[in-house]
Amino acid sequence: MSSFSLPPIYDGPDGGWGPSTSTNFPEEFKFKDIPYAPFAKSDKLGRVADWNDLSADSRQNAGLQSTQSRAGPAGRRRDGAQAFGSGTASAFAYFHVEDESSFSLVDNKAAPPRRGGGFSRGRGGGRGAPYAARGTARGGRGGATGRGGMPQRNMASGRRGWRDWEKNNRSRESSVVISPSWQVLEEIEFHRLSKLRLEVEEPEELESYGRIFAYDKTYDRVTTKTERALQLVDRIKYNPTTSDDPVIQQLASKNVATVYTTDIILAVLMCAPRSVYPWDIVIVREGNNLFFDKRDGGPFDTVTVNENAADPPQDPTPPNPNNPTEKASVPEVAAINTTTSLSLEATYINQNFGFQTVTETPPPPSVDFANPNPFHGPDETEPLASCGYRYRLFDLGITEDDDLKICVRTEVDAYIPGGGNPREGQGLATIRALNEFDPRAQGAGGAPDWRTKLDSQRGAVVATEMKNNSCKLAKWTVQSVLAGADLMKIGYISRANPRDNSRHVILSTTSIRPADFAAQLNVSLANGWGIVRTVTDLCMKMPEGKYVLVKDPNKPVIRLYAVPADTFNAPEEGSEEDEEEEQE
């Protein structure tokens with residue numbers, strides 16, 4: 001049997017283990033066998049403590065030798081000579097040996113082109129094409145070319161991914177000027193909003209106003225071969241903010257609910273995690289009531305285009321005041337394809353498509369709700385558009401004792417003949433329109449040509465629109481659900497000429513139920529109601545006053561500001577009176 005002998009243990013002069021505290025300890029043994037490593041902020045931290053001495057490990061030694069061999073002139077030291085500060089601290093050093101040992105260079109030289117490869121049939125220009133078949137780093141399957149290997153999109157200088165390194169640097173301006181006097185009360189990230197949930201039961205209808213016409217079913221049979229021109233229809237459609245609605249003011253005086261808003265404002269808040277462009281909501285607390293308002297001329301009055309695209313449309317960069325001759329970092333975009341121009345064009349298309357696709361002359365007859373249009377005065381002579389206002393009450397209470405209700409003014413655009421009694425909420429429809437501007441322009445988001453793909457590959461067109469306009473479609477769907485509409489009519493409208501934004505044609509129209517479309521878009525109404533309840537609770541904790549909920553223009557964050565009571569109040573009347581007094 002083998003014997004085991006204990007190693008000698010040397011006690012310190014003080015009679016214990018560890019470093020000696022005695023002053024008469026020999027100097028040559030003071031720091032013996034204690035590793036030393038230089039301290040610098042640029043050094044990478046390897047190990048804090050090494051309990052397994054791997055100094056004899058071949059990989060570590062190899063890494064240390066290779067590191068010293070690449071040290072240039074300093075690498076010509078004699079064997080055994082140590083660099084300053086190295087000591088015996090190689091155990092704590094940072095080694096990147098494993099990744100380097102498995103690293104191999106990839107030959108990125110272009111293969112010689114095969115005859116006919118660039119123009120052969122199939123995806124991406126043939127199996128032997130150098131870049132088209134397998135795609136570039138960004139192109140993926142098919143690369144930057146389409147059928148036949150020809151360029152599919154001409155982005156800026158004709159290369160996909162042109163100025164990709166600048167896309168993250170394209171900052172947007174806030175939808176409202178943030179004053180230094182505004183106080184930030186809360187900041188909520190979108191990923192926190194996405195986790196909220198609140199189940200809400202069917203609403204109660206309080207009152208209904210307006211008149212709606214029947215939807216013209218002939219537009220359901222329109223195809224790309226039988227396209228119709230989009231006409232300019234002169235009609236009036238009112239969309240006042242919450243505080244300017246006389247019906248809401250009447251309901252608020254009866255304390256019907258705690259929160260009052262419109263479907264447009266509520267849809268933006270419920271779909272906030274999908275939004276990319278900036279927006280803001282003015283919140284006024286009066287007593288125990290909250291009013292969610294919009295500003296005149298704000299982002300709620302226009303329709304966005306390709307908001308969720310990987311490379312959305314851009315507005316021209318303003319000139320540098322310090323260097324007016326400096327070239328813009330963003331490539332020049334046609335004036336009709338900028339963000340602002342496309343938004344105004346989409347708004348014009350949506351309004352006129354809704355006006356055009358209803359039958360104003362019977363049969364079928366128009367349907368009057370219980371009350372006339374509350375915004376149309378007796379002195380108005382211009383004809384009203386087909387629009388019905390339904391004031392609905394939703395219960396946001398979590399428990400039976402929690403009395404929190406929200407009154408929403410919702411809108412419907414038409415009714416479907418044969419779908420039931422519209423006065424009882426049957427057969428109602430909302431009408432919206434998607435628009436195509438130029439599939440080859442910057443900001444098109446890879447959309448296919450509707451005239452060639454809409455009839456044969458409608459699924460591809462719809463999938464692209466759901467990707468590029470996720471937020472817009474989600475808001476439309478939420479508005480339809482809030483209004484209790486049975487159907488959504490969505491038109492596909494394109495420019496008659498890609499370079500002319502004044503003439504448009506209707507290529508097709510589709511019908512879908514809002515609940516089914518919400519499932520396709522993965523829109524969670526429970527999540528939307530959870531966001532509304534969270535914002536409401538935040539505002540109800542604050543004292544009476546005016547607040548602004550602002551979406552950050554460049555980050556997925558919303559902020560709640562406390563603002564002075566006279567913020568956003570138009571001082572036009574007072575200024576005009578002052579001018580008249582000065583003239584007198």
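This report describes helix packing, an aromatic pair, some backbone features and the confidence of a predicted model.

Residues are numbered from 1 along each chain as its sequence is written, and side-chain values use heavy atoms, with hydrogens and water left out. Local features need pLDDT of at least 70 and side-chain atom pairs count only at pLDDT 80 or more, while totals for chains, interfaces and linings use all residues.

**Confidence**

pLDDT is the predictor's confidence in each residue, from 0 to 100. The protein has a mean pLDDT of 78, and 67% of its residues reach 70 or more. In residues 162-168 the pLDDT is below 50, and this stretch has 13 contacts in the model beyond near neighbours in sequence; contact means heavy atoms within 4.5 Å. Residues 572-584 also have pLDDT under 50, with zero contacts beyond four places in sequence. Where pLDDT is low, the predicted coordinates should not be read in detail.

**Helix packing**

Two packed helices are described by the angle between their axes and the distance between the axes. Axes are lines fitted to C-alpha atoms, for helices over the stretch in contact, and angles run from 0 to 180 degrees between N-to-C directions. Helices (H or I, at least four residues) and strands (E, at least two) are DSSP runs, numbered from the N terminus.

| Helix pair | Angle | Axis distance |
|---|---|---|
| H6 (residues 263-270) and H10 (residues 470-483) | about 125° | 9 Å |
| H10 and H11 (residues 514-521) | about 150° | 9 Å |

Angles under 35 degrees count as roughly parallel, over 145 as roughly antiparallel, 65 to 115 as roughly perpendicular and the rest as oblique. H6 and H10 are therefore oblique to each other. On the H6 side, Asp263, Ile264, Leu266, Ala267, Val268 and Met270 make the contact, and on the H10 side Lys475, Val478, Gln479 and Leu482 do. Sorted by class, the contact of H6 with H10 has seven nonpolar, one polar and two charged residues. Here Ala, Val, Leu, Ile, Met, Phe, Trp, Tyr, Cys and Pro count as nonpolar, Asp, Glu, Lys and Arg as charged, and the others, Gly among them, as polar.

H10 and H11 are therefore roughly antiparallel to each other. Leu473, Ala474, Thr477, Ser480 and Val481 of H10 meet Pro514, Phe517, Ala518 and Leu521 of H11. The contact of H10 with H11 has seven nonpolar, two polar and no charged residues.

**Aromatic pairs**

Eight aromatic pairs are found in the whole structure. Rings of Phe, Tyr and Trp (its six-membered ring) pair if their centres lie within 6.5 Å; planes under 30 degrees apart count as stacked, over 60 as edge-to-face and the rest as tilted. The ring centres of Phe375 and Tyr389 are 5.2 Å apart and the planes are at 85°, so this pair is edge-to-face. Phe375 is in the loop between strand E8 (367-368) and strand E9 (387-395) and Tyr389 is in E9, so the pair ties together parts 14 residues apart in sequence.

**Backbone features**

Most residues other than glycine have a negative phi, and most peptide bonds are trans. Asn306 is not a glycine, yet has a positive phi of about 50°. Asn306 sits in the loop between strand E6 (289-293) and helix H7 (339-356). A cis peptide bond joins Pro362 to Pro363, with omega about -5°, and another cis bond joins Pro363 to Pro364, with omega about -10°.
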